[in-house]
Amino acid sequence: MNKILNKKYIFGLIIAVFAIIIFIALFIFPYFLRSGVKTLPEYLELRFNKYCRFLMAVILLITNLALVTMILSSTFVFIEKILPVEKSLFISIIVIVGSAV
């Protein structure tokens with residue numbers, strides 16, 4: 001019985017997400033196209049002011065740096081458990097691979 005309910009729940013979520021995508025494509029996206037806005041910071045500057053756009057950029061920068069730091073730290077902990085790698089070697093490999101991309 002639980003498996004049937006679980007499948008119905010997942011199917012309902014798929015239908016809901018599809019409906020939201022249709023709503024955005026039909027109503028919200030054309031509004032942004034008519035206004036000439038292509039990115040969220042442009043919309044914030046148009047709707048509010050340059051300070052709001054700058055504030056959002058700073059918040060996104062801080063959260064992205066925190067996210068990258070957490071990802072690299074957890075990756076190092078995982079690799080350290082598998083291979084005996086020094087932290088300085090791991091950091092240099094990440095810098096080299098990141099610079100190549």
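Reader: What makes helix 3 (residues 50–82) oblique to helix 4 (residues 87–100)?

Author: Their axes cross at roughly 125° and come within 11 Å. Axes are lines fitted to C-alpha atoms over the stretch in contact, with angles from 0 to 180 degrees between N-to-C directions. Under 35 degrees is roughly parallel, over 145 roughly antiparallel, 65 to 115 roughly perpendicular, and the rest oblique. So helix 3 is oblique to helix 4. This is a predicted model: local features need pLDDT of at least 70, side-chain atom pairs need 80 or more, and totals for chains, interfaces and linings use all residues. Residues are numbered from 1 along each chain as its sequence is written, and side-chain values use heavy atoms, without hydrogens and water.

Reader: Which residues make the contact of helix 3 with helix 4?

Author: Contact means heavy atoms within 4.5 Å. Helix 3 gives Leu 72, Thr 75, Phe 76 and Ile 79; helix 4 gives Lys 87, Phe 90 and Ile 94.

Reader: Why is helix 2 (residues 40–47) called roughly antiparallel to helix 3?

Author: The axes of helix 2 and helix 3 cross at roughly 150°. The cut-off is over 145 degrees, so helix 2 counts as roughly antiparallel to helix 3. Their axes come within 7 Å.

Reader: Where do helix 2 and helix 3 meet?

Author: Leu 40, Pro 41, Glu 42, Leu 44 and Glu 45 of helix 2 meet Lys 50, Cys 52, Arg 53 and Met 56 of helix 3.

Reader: How does the reach of helix 3 compare with the expected span?

Author: Helix 3 has 33 residues and reaches 48 Å from first C-alpha to last. The expected span is 1.5 Å times one less than the number of residues. That expectation is 48 Å, and the reach is close to it.

Technical notes:
Helix = DSSP H or I, 4+ residues; strand = E, 2+ residues; numbered from the N terminus.
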